[in-house]
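Subject: Structure for you to look through

Dear colleague,

I am handing over the structure we spoke about, and below it I have written out what was found, step by step, so that you can follow along in the viewer. Please take your time with it.

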Amino acid sequence: MTRFLRRRALYVEIWLGLAAARFLTRFVRLGRWKHLLGDMDTHAAEDLPAARIEQAQGVGRIVAHVARGVRLFDAVCLPQAMAARWVLARRGIPSRIVIGSRREDGAGTMHFHAWLLAGGEVVTGAREQAAHQEMVQAGPNDAAT
């Protein structure tokens, strides 16, 4: 398969992953699909070779690019983390989803954010990750496949 076709197939895989994740998060009770996030494991996906981390970050960049172009639904942080995790799992790269929160000053409203880590590096959701306090981590990949 040519490089062009492999890249197009990856884009389709990511788009379908985003659509499936958004459908689950929007229309299906969490109890029905939370197993797709994986088991709780704070040490999953910590030691990865630099080449695998770079590959994971490349997938993260493509997920963000595809998510920005989606017009049919909102491909927000959790669907992005889920889709990237599924793509990495199929390539044998361990990762974990982290869910964090922050309280908005004055209003007392809670805001939530999800990001994906591989090899200790943020793969998706990096922009808002620093503003949120970590609450929940999900991993390793073998539980999500």
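Predicted model: local features only at pLDDT ≥ 70, side-chain atom pairs only at ≥ 80, totals over all residues.

**The chain as a whole**

The protein chain has 145 residues, and buried residues make up 42% of them.

**Salt bridges around Glu13**

In general, side chains of opposite charge can pair when their charged atoms come close. A search of the whole structure finds two salt bridges. In one of them the side chains of Arg90 and Glu13 meet, with a distance of 2.5 Å from N to O. Glu13 counts as buried, because its relative accessible area is 17% and buried means under 20%.

Arg91 also forms a salt bridge with Glu13, and here the closest N and O atoms are 2.7 Å apart. Again the pair links distant parts of the chain, with Arg91 in the loop between H4 and strand E1 (96-103), Glu13 in helix H1, and the two 78 residues apart. Arg91 is partly exposed, with a relative accessible area of 30%. Taken together, Glu13, Arg90 and Arg91 are linked in a network of salt bridges.

**Aromatic pairs**

The search of the whole structure finds two aromatic pairs. Trp15 and Phe73 form an edge-to-face pair, with 5.7 Å from centre to centre and 65° between the planes. This pair links distant parts of the chain, for Trp15 is in helix H1 while Phe73 is in the loop between helix H3 (50-69) and helix H4 (77-90), 58 residues apart. Trp15 counts as partly exposed at 32% relative accessibility, whereas Phe73, at 18%, counts as buried.

Phe23 and Phe27 form an aromatic pair that is tilted, with centres 5.5 Å apart and an angle of 45° between the planes. Why are Phe23 and Phe27 separated by about one helical turn? The reason is that they are four residues apart in helix H1. Phe23 is partly exposed, with a relative accessible area of 47%, and Phe27 is exposed, with 59%.

**Patches on the surface**

Trp15 comes up again here, because with a relative accessible area of 32% it is partly exposed. Together with Val12, Leu16 and Leu72, Trp15 forms a nonpolar patch on the surface, and the accessible area of these residues together is about 420 Å².

A patch of positive charge is also found on the surface, where Arg3, Arg6, Arg7 and Arg8 gather. One of these, Arg8, is found in helix H1, which covers residues 3-27, and Arg8 counts as partly exposed at 45% relative accessibility.

Ala20 lies in helix H1 and counts as partly exposed, at 35% relative accessibility. From C-alpha to C-alpha, Ala20 and Met82 are 9.3 Å apart in space, while in sequence they are 62 residues apart. Ile53, for its part, has its place in helix H3 and is buried, with a relative accessible area of 14%. Ile53 and Gly120 are 67 residues apart in sequence, and their C-alpha atoms are 8.7 Å apart in space.

A colleague

Key: Residues numbered from 1 in each chain as written. Heavy atoms only, no water. Patch = residues over 30% accessible without salt bridge, like charges linked within 9 Å, V, L, I, M, F, W, Y side chains within 5 Å. Areas by Shrake-Rupley, 256 points an atom, 1.4 Å probe, with all protein chains shown as cover. Salt bridge = Lys/Arg side-chain N within 4 Å of Asp/Glu carboxyl O. Lys, Arg positive; Asp, Glu negative; His and termini not counted. Charge placed at Lys NZ, Arg CZ, Asp CG, Glu CD. Buried < 20%, exposed > 50% of the residue type's maximum accessible area, 1.4 Å probe, protein only. Phe/Tyr/Trp six-rings, centres within 6.5 Å; stacked < 30°, edge-to-face > 60°.
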